[in-house]
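The paragraphs below lead through one protein model, from a helix to a pocket, a cavity and a single side chain. Please keep the sequence and the 3D view open while reading.

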Amino acid sequence: MAFAIGIDVGTTNLKVALVRDDATRVGAAQRPLAIVRGADTAEQDAAAVWEALVDAVAEVTAAHPAEARDVAALAVCSQYSSIVPVDVDARPVAPMLMWQDQRGTDHSFAIMARHEDAFSTFAERHGIPPIGSGLSLGHILYLQLDRPDVHAATAAYVEAMDYVTARLTGRIAASQHTSFMVQCCDNRALGATAYDELLVELAGVDPTRLPPLVRVDAEIGSLLPDVARAVGLPESVMVYAPANDTAGVAVAAGALRPGRAGLAIGTTSVLVDGVADFRTDLEHQILSMPGPEVDRYVVCAENGLGGKVVEHVLERFVYAHDALGDHRVGTSFAQLDSVLDATDPGAGGVLFLPWLNGSLAPVASGSVRGGFVNMSLETERADLVRAVVEGVAHNLAWLLPHVEAFTGERIDEIVFVGGAARSRAWCRVLADVIGRPIAPLADPEGGAARAMALLALRRHGVLDDADLDRAASGVTATYEPDSARHEHYAYRQVQFEAAHAALLPISEALKP
C-alpha cells in the first residue's frame, strides 16, 4: 500500500490531500491565503504561503502518522501567471506578483513597439502575444526594469508551483508547462527543455534569471531533511515536477479523454479539454498549452469571474453588513440550494451579466461591466440570486461551442470540479443552461490536490495510465439537461450574448 501527498496552492486557499493508491483520500487540510490588492496591483506574501503549506501538511501527517510513514511521492499544482523572485536558496526576495497584477503591461507592449514582427512571432511560436495584462512575462519585466533592487537580489523568477517545489527540495527549476505564462518557450512541439532564444531576445528578459527547464514529468528531488522533519514525512519522499491548476483540473476531471471536458468554478470559471497538437484561437481567447504529460496539450478557456460573482452578490447584497443593517450569516452559500429550488428557471425574467471585472473567453474586454437586466416591480431577492447563478452558466454556454470548434470534437460530458460542485441545484442549472450532462466530482473541493497525489503515484510507477484515469475522475452523479428548460434558456442565451455587445460602448463611456 503506497500513499502520496497532493498540494493545490490556489489564489485564496491552499489545500493538501493524503491519498492512498486506490484513490481514497485518507486525510486533508486547508489554509486561507491573503492577497494585498491595489487599483492595478495584487500581491501575496510568498513566505506566508510556504508557512501555510508546512502547517497544513503537518496537520495531515500528525492525524495519520502510519500512512505518512508510507508516503512515497508528492506533487504540487497552483494558480499561475504569478511570479515569485527568489534567491539561490529559493527564499523570496519580494512579494509574489499575482495573476491579477497589471504591472509590466507597458513593458510587454514595448516589445511589439520595438519589433514589428513580435506579435506574430510570439503567437506562432508560443501561442500568446506579449500583451501583459497580468501575464508572467510582464511581471518579470516590471521587476527587472522598474525594481532593479529586487532584480539584483533575484536568482530566478519562478511561478508559485515551482517556488513551492523548490522550497520542498532545494532545487530551483521549471518546465515547458509551468513556465507557460513566461512566454519564452517554443510550444509548437512538446518536450522542450530549453528556452527559445529568439523569444528571450525579443522579450528583453535577463536569461540568467530564468530557472532551468526540466521535463514536465521529471523527478525534482527528495525532500530536504529539515522540511521532512517539519512536515512529518520521510526524507525519501520523491517530489515530482509540478503543474498549474488548469492541468490539475484536467487530471482530476479526466478531461484528456475524448468527449469529456473539465469545468472548475472557483474564483473564475475555466473550461478544460485536451488536444494532441499546438493551436491557438486568439479571437476567442482559447489556447493549447503544454500539459503535465509529454504527449498532450491542455486546452484552456478562461471564462472570467465565476464563483466570485455569486459570492460577491451574496455577501455584499443579500447578507451585507452596512449602514442598512447587519444581515450577516455564518455561511453565505448555506441557503443557495433552497433558493434555487424555490425559484423558477428564468429568474422571473431577470438576466444577470457576470462581467464585474471585464470578460475573457470567448470575447475578451477589460472595459465591459455587468449587472442585472430586465428587473421589474415583481422581482424578488431570490430571483436576483438565481439570475446570478444562471448568468455564470450562460457565460459558459457562450464559451462551449467555441471550445468544441477549437478541438474539433463534441463535448458529451462535463466533469464539475470545485466547491460549487457540491451544490446539486447549481449542477442542475448548469446542465439545463449549457445543454450537456454535468457530473460533479466525488471530492470536488479537493479534486486538484487529490489529482496531483494520483499523478505523483503514476510518475512513481505505482499506478498506470488506466489506473490514473479511473481513479482521478470518479463522480457521484450525473445531471442530465431537461429539454424544456434548455429550450427556455436557449432563447435567453441569444439575449445574453447580445447584451455584451450592447453594453460594451456604455461601459467604456462610463469608465472612470
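Buried here means under 20% relative accessible area, exposed over 50%, and partly exposed in between (1.4 Å probe, protein chains only). Helices (H or I, at least four residues) and strands (E, at least two) are DSSP runs, numbered from the N terminus. This is a predicted model, in which local features need pLDDT of at least 70 and side-chain atom pairs count only at pLDDT 80 or more, while totals for chains, interfaces and linings use all residues. Residues are numbered from 1 along each chain as its sequence is written, and side-chain values use heavy atoms, with hydrogens and water left out.

Start with helix α15, which is mostly covered, as 12 of its 13 residues are buried. Among the buried ones are Gly-447, Arg-450, Met-452 and Arg-459. The expected span of a helix is 1.5 Å times one less than its number of residues; for the 13 residues of α15 this gives 18 Å, and the end C-alpha atoms are 18 Å apart, which agrees. Just after α15, Gly-461 takes a positive phi of about 90°.

On a 1 Å grid over the protein atoms alone, a pocket is an open set of points with protein on both sides within 12 Å along at least five of seven lines, a cavity is a set where a 1.4 Å probe fits but cannot get out, and lining residues have an atom within 4 Å of a point. Grid points are joined across faces, edges and corners, and a volume is the space filled by probe spheres set on the points. The second largest pocket holds about 410 Å³ of space. It has 17 lining residues, and those closest to its centre are Leu-256, Glu-293, Asp-465, Leu-468 and Asp-469. Helix α16 gives the most to this lining, with five residues.

Glu-293 also lines the largest cavity, together with residues including Gln-176, Arg-215 and Val-294. That cavity has about 50 Å³ of space and is one of four cavities of 30 Å³ or more.

Asn-244 is buried, with a relative accessible area of 1%. Leaving aside neighbours within four places in sequence, Asn-244 is in contact (heavy atoms within 4.5 Å) with Cys-77, Ser-78, Tyr-80, Met-161, His-177 and Met-289. A polar atom of the Asn-244 side chain lies 3.2 Å from the backbone nitrogen of Thr-246.

Conventions. A polar contact is a pair of N or O atoms within 3.5 Å; within protein, one must be able to donate a hydrogen and the other to accept it, and residues adjacent in sequence count only if both atoms are side-chain atoms.
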